[in-house]
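Let's take a friendly walk through this model, starting with a pair of packed helices. Have the sequence and structure open as you read.

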Amino acid sequence: MTEATQTRPSKTPSVAPAIHYQVAMPQPESHLFEVTLRVLNWHEPVLDLKMPVWTPGSYLVREYAKNLQNFGAQTADAQPLSWRKVKKNYWQIDTAGVSEIIVRYRLYANELTVRTNHLDSTHGYFNGAALFFYLPGFEQQPISVTILLPRPEWRVSTSLSPVSGQANTFYAPDFDTLVDSPFEIGTHRLYPFEVLGKQHELVIWGQGNAKPKQIIPDIEKIIQVEAEMFGGLPYNRYVFLLHLSAQGFGGLEHKDSCTLNYNRLGFRARDKYERFLQLVAHEFFHLWNVKRIRPKALEVFDYEGENYTPSLWFCEGTTSYYDLVIPLRAGIYDVNVYLENLSKEITRLQTIPGRQVQPASESSFDAWIKLYRPDANSGNSQISYYLKGEMVSLLLDLLIRQRHNNQRSLDDVMRLMWQQFGQPEIGFTPEQLRNVLESVSEMDLGDFFARYIDGTEELPFDEYLEPFGLRLSADDSNSVVPFLGLTVKTENGKDVIKFVEMGSPAQVAGIDAGDELLAIDGIRVSADQLNDRLKDYQPNETIQVAVFHQDELRCLSVTLTLPRPNRYQVVPVEDPTPAQAENFAGWLGVPVSTIRSKC
C-alpha cells in the first residue's frame with residue numbers, strides 16, 4: 001500500500017460496502033470512457049463521492065473532475081436516485097433504504113501525459129486519480145475493476161492482480177493502490193522478462209524506433225544496480241508502460257509500475273537513447289525514494305488539495321542525481337559521458353537567475369503553485385527542486401565520501417532511509433532526514449542546510465570537486481558576446497522574446513517578455529542571428545533595439561555589459577595527487593586518467 005493505513009481515519013460499519021468499477025469505451029474515437037460504479041451492502045442515508053484533484057508524484061492540482069460529464073445514479077432496479085453536486089469534485093446521492101447503488105458517468109480523455117488519461121482508436125490509458133471516485137471514510141475498502149474491451153484484439157496491462165475466473169477484472173486492496181496502478185488497454189506490444197527472480201513487463205504503445213531487444217537488457221542492468229544498492233526488490237511483479245509520442249517526455253512513478261512518455265524516434269541517436277535510460281533509472285529509483293521512502297506530509301494522501309512538504313529536493317533531486325549515476329554503474333555509458341551530463345546539469349543551474357532567489361526547500365514547498373506553472377518571470381524568481389536538489393545531493397555525496405575515504409556515501413543515506421522509513425512505510429520529517437544525513441556523515445550539517453538548502457548561496461562546486469581531482473571550468477567561447485540578457489524564440493514567423501533576466505541591460509532598458517524583436521541599430525535581426533550580431537559590439541556600448549510591444553513600435557537604448565559564461569564543464573585538475581586519484585576512482589570506479597579533458 002502507498003499510505004500508512006493505521007493512521008487514515010475510516011468508517012467501521014458492521015457490514016463493509018463492496019465497491020466495483022466497470023470501465024467501458026464503446027467508441028474510443030469519442031475520447032469518452034464510460035464508467036459504472038456499483039456499491040453494494042450500503043447502509044447510509046447519503047453516499048458521498050469525491051474525485052481527486054491531483055495524483056501522487058505530480059504536485060499540481062489538475063482538477064480531474066473538469067472532464068466528467070453525464071453523471072447519474074439509480075437503484076439496482078433502475079429507479080433514479082436524487083443527487084446534488086456539493087463542490088467542484090464532490091457529489092452526494094440520497095440513498096436512504098437503498099443497499100445497492102449504481103452510478104454512471106462519462107469522462108473525457110484526450111490528454112496524453114503520464115498523469116492524465118488518453119483514449120483514441122489505438123488505445124485507452126488512464127490513471128486512477130483521474131478516472132475514479134473515492135468514498136470518503138471507505139478508502140481502505142477493496143475495489144475491483146472490470147474493463148470492457150471495445151474490440152476483441154485489445155487487451156489490458158496493469159500492475160494490479162487479476163481476479164480469478166473473471167475476464168479482465170482486477171483487484172485493488174484499497175483506493176490508494178487503485179490510484180497507484182495505471183491501466184494500458186489496446187493492441188500494445190508486451191515483452192515479459194525476469195530479473196533477480198521477479199517478473200517484469202515492458203509494455204510499448206505507439207510507433208517508433210524503440211528496439212526491445214536493445215532496451216530490455218539495459219533495463220535489466222538498471223534494475224540490478226538499484227536492487228543491489230537497496231538489498232533486493234520490494235515487489236513481486238513490475239510493469240514499465242512506455243508511450244511513444246510525437247514530442248512527449250516524462251515519467252510518473254508507481255510502487256509496482258511506472259509510465260514513461262518518450263519521443264517515438266528518440267532511440268537511434270546514442271545521446272537520446274541514453275537520456276531515455278536515465279528516465280528509466282529515475283522512475284525506477286522512485287519505487288524506493290518517494291513511493292516507500294516518503295515525507296510525512298505524503299504518508300496519508302489528501303486527494304482534495306495540496307500536500308505540502310519542504311523535502312521534494314530530496315525526493316526528486318536526489319533521485320535526479322542517481323539517474324545520472326545509475327547508468328554509469330550499469331555500464332550503459334562511461335565516465336566521460338557521465339561528466340558531460342553532469343556538466344550540462346551544472347550549466348542549467350548556473351544559468352538560471354532564480355537560483356539566487358528561491359531556496360531548494362521553498363521550491364519544494366511551492367511546487368503546487370510554481371514549478372508546473374511557469375511564466376515569463378519564473379527564471380528570475382524560482383529554481384527547480386529537481387535541479388537544485390540534484391546538485392545539493394552531488395555535494396552531499398562528495399562530502400560524505402571525502403570525509404570517510406569513500407567508505408561511506410550517499411548510498412548509505414539511502415539505505416538507512418530505506419531501513420528506518422521505507423520498509424516500515426512511515427513518513428519522515430525534514431528533521432529526521434537531516435538526522436540521517438548527519439549520522440552517516442558524522443558531522444553537523446546545520447551550516448550546509450542553512451546555506452544551500454534553506455538558503456540561496458552559490459554552490460561551491462570547486463570546493464567539493466577538488467578532493468576528487470576535478471574542477472569546474474567556465475566555457476569562455478562566448479566571451480566575445482556582450483551581455484544583453486534576453487532569450488528569443490521564433491514562433492509563427494515572429495521572433496518573440498521569451499525571457500528577460502532581472503537586472504540585465506534588456507530589462508533595465510524596458511524590454512519585456514512577449515515583445516517581438518525587430519532590429520538592432522536599424523538592421524533587422526532574428527533569433528538565430530542575435531548572438532552573431534552582438535559580437536559586433538563591445539561591453540559598455542549602447543545599441544538601439546527595436547521591438548513591437550503590444551503591437552506598438554518601440555526603439556530602446558540598451559547599454560551592453562560584460563559577457564557571461566553560458567556553459568560550464570567538469571574537468572580534471574592538472575597533475576592530480578594520489579589522494580585525488582584514489583578518491584575519484586572510489587567515487588566513479590575508474591582512474592581519473594580516463595577522462596578526456598576539455599580544457
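## Two packed helices

Contact here means heavy atoms within 4.5 Å. Helices (H or I, at least four residues) and strands (E, at least two) are DSSP runs, numbered from the N terminus. In α2, I222, V225, E226 and M229 meet Y322, I326 and R329 of α4.

The axes of α2 and α4 lie 9 Å apart, at an angle of about 110°; axes are lines fitted to C-alpha atoms, for helices over the stretch in contact, and angles run from 0 to 180 degrees between N-to-C directions. The two helices are therefore roughly perpendicular to each other, a term for angles of 65 to 115 degrees.

## About the model

This is a predicted model, where local features need pLDDT of at least 70 and side-chain atom pairs count only at pLDDT 80 or more, while totals for chains, interfaces and linings use all residues. Residues are numbered from 1 along each chain as its sequence is written, and side-chain values use heavy atoms, leaving out hydrogens and water.

## Helix α9

Which residues of α9 (residues 410-422) are buried? They are L410, D411, V413, M414, M417, W418, F421 and G422, where buried means under 20% relative accessible area (1.4 Å probe, protein chains only). Because they cover an arc of only 155° around the axis, they sit on the same side of α9; the arc is taken from the directions from the helix axis to the C-beta atoms. Their cover includes α2 (212-230), α3 (270-285), α4 (312-329), α8 (385-403) and α10 (430-441).

How values were computed
Buried < 20%, exposed > 50% of the residue type's maximum accessible area, 1.4 Å probe, protein only. Parallel < 35°, antiparallel > 145°, perpendicular 65-115°, else oblique.
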